[in-house]
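Trainee: I have a structure open and would like to learn how to read it. Can we go through some features together?

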Amino acid sequence: MATEVKKNSPAGEEKNRKQAEILKVKINKFLINYFNYLIFSLAVVILAVGLFMSAYPKYKQIFKENEEAKNNLQIKYEAKFYYLNSIRNLKKSYQLISEGERAKVAGMVPITSDTGAIISEIESIAVKNSAILTSIRIESQEDGSGRTNLKVGAEEDKAAVAGAFNQLPQGVGLIKIEVNLSSVNYLVLKNIIKSFENNLRLFDIAKIIFNAGGEEALLTIYSYYSPVK
């Protein structure tokens, strides 16, 4: 009858020890054979982790800056696109205006100050109303840099300077005109003022000094033009 070998017997322990030694030898051989590869792999892993830890914050910063730049460009693009659409709509609206209406607008605010035409127009108004144009003084209200100077004296109404515009639009030039008239009575003066009001070109009378005894009148008038830059 065969004798059963128990695991805790000396023979069983010897067998387990030999198996452990064999496994240990195999592990040692594996480590010896692949030691350089293991060191290299470990170095690669350590290097990769180090690079990740140092580069990730920089990556996050770059990503954030790129997102901000993208958003800024998007905002600028939308603003330019809106401006372009505004110009297109303005062009369409302008094309709907008839040539006659365009001519009227050009007459109200000419593209040049044209002092010669202003003098001729005011002289014509005086003659038609049986008055004498004694003198006329025309002065541009630009400050030398192309900007309109709206400073006026204390006796003048600043609202009247801007005239029909209430507030002078950008790009519109302003001219101050001082007109001296003689042979003027109250009725003649009234008709002259009415002629200025009904004139195609915009004339805003800011100040009137009337000497009934001397039949003289001094008018301070503002007119406008749209200078071509």
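**Reading strands, a helix and ring pairs**

Mentor: Start with a strand partner: Leu181 is bridged to Ala217 in S4. Keep in mind that this model is predicted.

Trainee: How many bridges join S2 to S4, and which way do the strands run?

Mentor: There are 10 bridges between S2 and S4, and the two strands run antiparallel. S2 also pairs with strand S1 (residues 132-140), through eight bridges, again antiparallel. On that side, Ser182 of S2 has Ile132 opposite.

Trainee: Is S2 mostly covered or mostly open?

Mentor: Think about side chains first. In a regular strand they alternate between the two faces of the sheet. Now the case here: of the 10 residues in S2, eight are buried.

Trainee: Let's turn to a helix. What is the reach of H5 from first C-alpha to last?

Mentor: H5 covers residues 186-198, 13 residues in total. Its span is 18 Å, close to the 18 Å expected at 1.5 Å a residue.

Trainee: Which residues of H5 are buried?

Mentor: Val188, Leu189, Ile192, Ile193 and Phe196 are buried. Looking down the axis of H5, these buried residues fall within an arc of 135°, so they line one face of the helix.

Trainee: What is on the other side of H5?

Mentor: Exposed residues: Tyr186, Leu187, Lys190, Lys194, Glu197 and Asn198.

Trainee: What happens at the start of H5?

Mentor: Look at Asn185. One of its side-chain oxygens comes to within 3.2 Å of the backbone nitrogen of Leu187.

Trainee: Now rings. How many aromatic pairs does the structure hold?

Mentor: Two. The general idea is simple. A pair of aromatic rings is described by the distance of the centres and the angle of the planes.

Trainee: How are Tyr77 and Phe81 arranged?

Mentor: Tyr77 and Phe81 are stacked, at 6.0 Å centre to centre with 25° between the planes. Both sit in helix H1 (residues 10-95), four residues apart, so about one helical turn separates them. Phe81 is partly exposed, with a relative accessible area of 41%.

Trainee: What about the rings of Phe196 and Phe203?

Mentor: Their centres are 5.4 Å apart. The planes of Phe196 and Phe203 meet at 80°, so this pair is edge-to-face.

Trainee: Are Phe196 and Phe203 buried or exposed?

Mentor: Both Phe196 and Phe203 are buried.

Methods: Residues numbered from 1 in each chain as written. Predicted model: local features only at pLDDT ≥ 70, side-chain atom pairs only at ≥ 80, totals over all residues. Heavy atoms only, no water. Expected span 1.5 Å × (residues − 1). Buried < 20%, exposed > 50% of the residue type's maximum accessible area, 1.4 Å probe, protein only. Arc of directions from axis to C-beta. Polar contact = N/O pair within 3.5 Å; in protein donor to acceptor, adjacent residues only side chain to side chain. Phe/Tyr/Trp six-rings, centres within 6.5 Å; stacked < 30°, edge-to-face > 60°. Pairing = 2+ DSSP bridges.
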